[in-house]
Amino acid sequence: MGVVSIFTDGAAKGNPDGPGGYGVVLQYTDKEGTLHEKELSQGYMKTTNNRMELMAAIAGLEALNRPCMIDLYSDSKYLVDAFNQGWVANWVKHDWKRERLGPVKNTDLWKRLLKDLEPHKVNFIWVKGHDGHPENERCDSLASHAALSRDLIRDEGYTG
C-alpha cells in the first residue's frame, strides 16, 4: 500500500478576478524513492469554503488509482473534525440529522467522500489557516498553484 499526501485548499486563489477556486496536490514517492506531484483543479465557483474543501478532498481521492495510506491536509477544521471526532458516523446513524442544527448540508458530497474513502486508510490533519504556520503555508501555496492547473477534474454535478 503506497503512502500519499493530499494537500487541499478551499480558498485557493485560482481566479484573481473571481470568487477563488480550489486546488489539490497529491504527493507520493515511488518504489525508487522519487517524489512525484500531481496538481488538480476543479475550477472556480461561488460556494462556501467547507463545500470547496469537501470537493477538493474528493478530487484528490478520485485521482488515486490504487488503495493508499493517505495524510490529507486541510485548513478546514470542520472537515477534519467531522471525521476525527466521529461526526460523520453520527450523522449516518441519525439519517443525516443533527440534534439542534437540523439536517446536515451537502449530504451528497459527504456521502460521496465516504464512498471514496472506503479503499484507503486516511489520516485527516488540520493545518491551521492564516497564521503563518509552515505546514499551512505549504498547503496554501501548493493548492493555490494547483488551482491554476490545466489538469482539470470536471464534474458538472458538483460544480454549481
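Leaving aside neighbours within four places in sequence, which residues is Gly60 in contact with? They are Ile6, Val24, Leu26 and Leu40, where contact means heavy atoms within 4.5 Å.

## Basis of the model

This is a predicted model, in which local features need pLDDT of at least 70 and side-chain atom pairs count only at pLDDT 80 or more, while totals for chains, interfaces and linings use all residues. Residues are numbered from 1 along each chain as its sequence is written, and side-chain values use heavy atoms, with hydrogens and water left out.

The average pLDDT of the chain is 76, and 66% of the residues score at least 70; pLDDT is the predictor's confidence in each residue, on a scale from 0 to 100. Over residues 12-20 the pLDDT is below 50, although this stretch has 19 contacts in the model beyond near neighbours in sequence. Residues 154-160 also stay under 50 in pLDDT, and for them the model has ten contacts beyond four places in sequence.

## Overall layout

The chain has five helices and seven strands, taken as DSSP runs numbered from the N terminus (H or I with at least four residues for helices, E with at least two for strands). Read along the sequence, these elements follow the pattern β-β-β-α-β-α-α-β-β-α-β-α. Of the contacts with a separation of 6 or more, 66% are between residues 24 or more positions apart.

Buried residues make up 42% of the 160 residues in the chain. Here buried means under 20% relative accessible area, exposed means over 50%, and partly exposed lies in between, with a 1.4 Å probe and protein chains only.

## The largest nonpolar core

In soluble globular proteins, nonpolar side chains tend to be buried together. The largest nonpolar core in this model has 29 residues, and those with the most contacts inside it are Ile6, Ile70, Phe83, Trp110 and Leu113. The elements that give two or more residues to this core are strands E1 (2-9), E2 (21-29) and E4 (68-74), together with helices H1 (49-62), H2 (77-84), H3 (87-93) and H4 (107-117). H1 gives the most, with seven residues. A nonpolar core is defined as a set of buried Ala, Val, Leu, Ile, Met, Phe, Trp, Tyr and Cys residues joined through side-chain atoms within 4.5 Å.

Gly60 lies in helix H1 and, at 0% relative accessibility, counts as buried. The C-alpha atoms of Gly60 and Val25 are separated by 7.3 Å, although the two residues are 35 apart along the chain.

## Where H2 meets H4

The axes of H2 and H4 come within 13 Å and cross at roughly 60 degrees; axes are lines fitted to C-alpha atoms, for helices over the stretch in contact, and angles run from 0 to 180 degrees between N-to-C directions. The two helices are therefore oblique to each other, since angles under 35 degrees count as roughly parallel, over 145 as roughly antiparallel, 65 to 115 as roughly perpendicular and the rest as oblique. Tyr78, Leu79, Ala82 and Phe83 in H2 meet Trp110, Leu113, Leu114 and Leu117 in H4.

Setting aside neighbours within four places in sequence, Phe83 is in contact with Val88, Trp110, Leu113, Leu114, Leu117 and Phe124. Leu117, in helix H4, is buried with a relative accessible area of 11%, and, not counting residues up to four places away in sequence, Leu117 touches Leu61, Phe83, Val122 and Phe124. Leu117 and Leu61 are 56 residues apart along the chain, with their C-alpha atoms separated by 7.3 Å.

Asn84 and Ile125 are 41 residues apart in sequence and 8.9 Å apart in space, C-alpha to C-alpha. Just after H2, Gly86 takes a positive phi of about 75 degrees.

Most residues other than glycine have a negative phi, and most peptide bonds are trans. In the loop between H3 and strand E5 (97-98), Asp95 has a positive phi near 55 degrees, and Trp96, in that loop between H3 and E5, has a positive phi of about 60 degrees. Asp95 is exposed, with a relative accessible area of 54%, whereas Trp96 counts as buried at 9%.
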